[in-house]
Amino acid sequence: MELFLFDIPPESPRESFLPLSTNHRSGSVNVTWEPDVTFFIQGLVSLGEKQMILFVILLLGYIIILGGNSMIIFVALTDSKLSSPMYFFLSNLSFVDIVYTTTTIPNMLSGLLTHVKTISVPGCFLQMYFFIQLAVTGRAILTVMAYDRYVAICNPLRYTAIMTRPVRLILIAGAWSFGAFCTLPSAAMGWQRSYCGPYVVRHSWCDPSSVRRLVCGDTSVDNIVSLSFAMVSLLTTGVLILTSYVLIGVSMSRMGVAQRLKAVGTCAAHLTVVSISYGSASFVYISYRVGNFSPEVRIIVSVLYSALTPFLNPMIYSLRNKELRDSIWRTLSGFRPAAVSPRKDVSTVS
């Protein structure tokens, strides 16, 4: 998970990434009370002409993220055949994925074009807050979806009675509240800190660990608080998801072959997303701790990782869920020119 990356210590002294004309830190200032202070986002200026290649890749990926997740939200809201709780939770996850990637990728795209980018202090902390909060909220919604699958498989006769609309709204509100609970303490501590200039953030956006390196003084408490809430968010969601699937597995062991295959099909998409999400997080975290990567490579890896799950979610759910796939096809068919519609009707009848 992204929160793991926030507390990775730098490999080199802070001065190593500052402009060449500055080899010392200027006086400290509490940015809360200095409206003229701005942070400079260093970005990936050292890549040179390769920045345009990364720009094109990120832009295409971002367009696919917006298009795929927007389509899921649209069909979940307009297609009456997708009225089950699963699609309600999926549309909320897609919304979180859109906003989550929008907090970072547009800033990085702008930085790749302009080379030098500044951001106001309030804007920096808002970006930092929503980046963490939406990451935790996405994990919480995946946990809610695991509980939904548990009820659907282990208690199918009472599924509609349990997963009523008020219950769904409470679960989603709980996911957002959990994200705020795990984010506010570290964000509030960072807001109250004093920072030393020059205010150069060694990242393509206001990454929490990069901003924290600009703090004047000891940040041990900040690191402990951030890591503690990161572990709370990871362990809480991970344990609940694992518990749900253990109970599902126990229930499936008592089913016949046909019921077991149906249950596997019901969980396949969600289990795939969870496996990719936690598996890629573990890989990135271990590689950061073990590997010896340059700051530019670390930035690229963190960007690609943060966009991986939002990029794959629409593909995984549409490929593994026939109802969703058919709904998307019907929606896209409705936008075809009228001249093409008769051919579609004839082929359907035949």
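Figure 1. Of the protein's 350 residues, 48% count as buried. Buried means under 20% relative accessible area, exposed means over 50%, and partly exposed lies in between (1.4 Å probe, protein chains only). This is a predicted model: local features need pLDDT of at least 70, side-chain atom pairs count only at pLDDT 80 or more, and totals for chains, interfaces and linings use all residues. Residues are numbered from 1 along each chain as its sequence is written, and side-chain values use heavy atoms, with hydrogens and water left out. The protein exposes about 17300 Å². Carbon and sulfur atoms supply 68% of that area. Accessible areas come from the Shrake-Rupley method with a 1.4 Å probe; for residues, only the protein chains shown count as cover.

**Figure 2. Secondary structure and the record's segments.** The protein has 13 helices and 5 strands. Both are DSSP runs numbered from the N terminus: helices are H or I with at least four residues, strands E with at least two. An unreviewed UniProt entry lists "transmembrane region" for residues 52-77, 89-109, 129-148, 169-191, 227-251, 263-287 and 299-319. UniProt positions are given in the numbering used here, feature names are shortened, and annotations may be inferred rather than shown by experiment. Residues 52-77 are 100% helix and 0% strand in the model, with end C-alpha atoms 37 Å apart. Residues 227-251 are also 100% helix and 0% strand, and there the end C-alpha atoms are 36 Å apart.

**Figure 3. The largest nonpolar core.** This core holds 76 residues. A nonpolar core is a set of buried Ala, Val, Leu, Ile, Met, Phe, Trp, Tyr and Cys residues joined through side-chain atoms within 4.5 Å. F39, M108, M145, Y195, V211 and L324 touch the most other members. Helix α5 gives the most to the core, with 17 residues.

**Figure 4. Aromatic rings around F125.** The whole structure contains 10 aromatic pairs. Rings of Phe, Tyr and Trp (its six-membered ring) pair if their centres lie within 6.5 Å; planes under 30 degrees apart count as stacked, over 60 as edge-to-face and the rest as tilted. F125 and W191 have ring centres 5.1 Å apart and planes at 85°, so they meet edge-to-face. This pair links distant parts of the chain, 66 residues apart: F125 sits in helix α5 (residues 121-154) and W191 in helix α7 (residues 165-191). F125 counts as buried because its relative accessibility is 8%. W191 is partly exposed, at 27% relative accessible area. F125 also pairs with Y195: the ring centres are 6.2 Å apart and the planes at 75°, so this pair is edge-to-face. Y195 lies in strand β4 (residues 194-196) and F125 in helix α5, so the contact ties together parts that are 70 residues apart in sequence. Both F125 and Y195 are buried. One aromatic cluster takes in F39, F125, W191, Y195 and Y199.

**Figure 5. Arginines over aromatic faces.** A charge sits over a ring if NZ of Lys or CZ of Arg is within 6 Å of the ring centre and within 35 degrees of the ring normal. R139 lies over the face of Y278, at 4.4 Å from the ring centre. R168 lies over the face of F88, at 5.7 Å from the ring centre.

**Figure 6. Surroundings of L82 and S327.** L82 is in the loop between α2 (50-78) and α3 (85-102). L82 is buried, with 3% relative accessible area. Leaving aside residues up to four places away in sequence, L82 touches V75, A76, Y87, E323, L324 and S327. Contact means heavy atoms within 4.5 Å. The C-alpha atoms of L82 and E323 are 7.5 Å apart, although 241 residues separate the two in sequence. S327 is placed in helix α12 (residues 322-334). S327 counts as buried, at 0% relative accessibility. Across the protein, 82% of contacts between residues at least 6 apart in sequence join residues at least 24 apart.

**Figure 7. V246 on helix α9.** V246 belongs to helix α9 (residues 220-252). V246 is partly exposed, at 46% relative accessible area.
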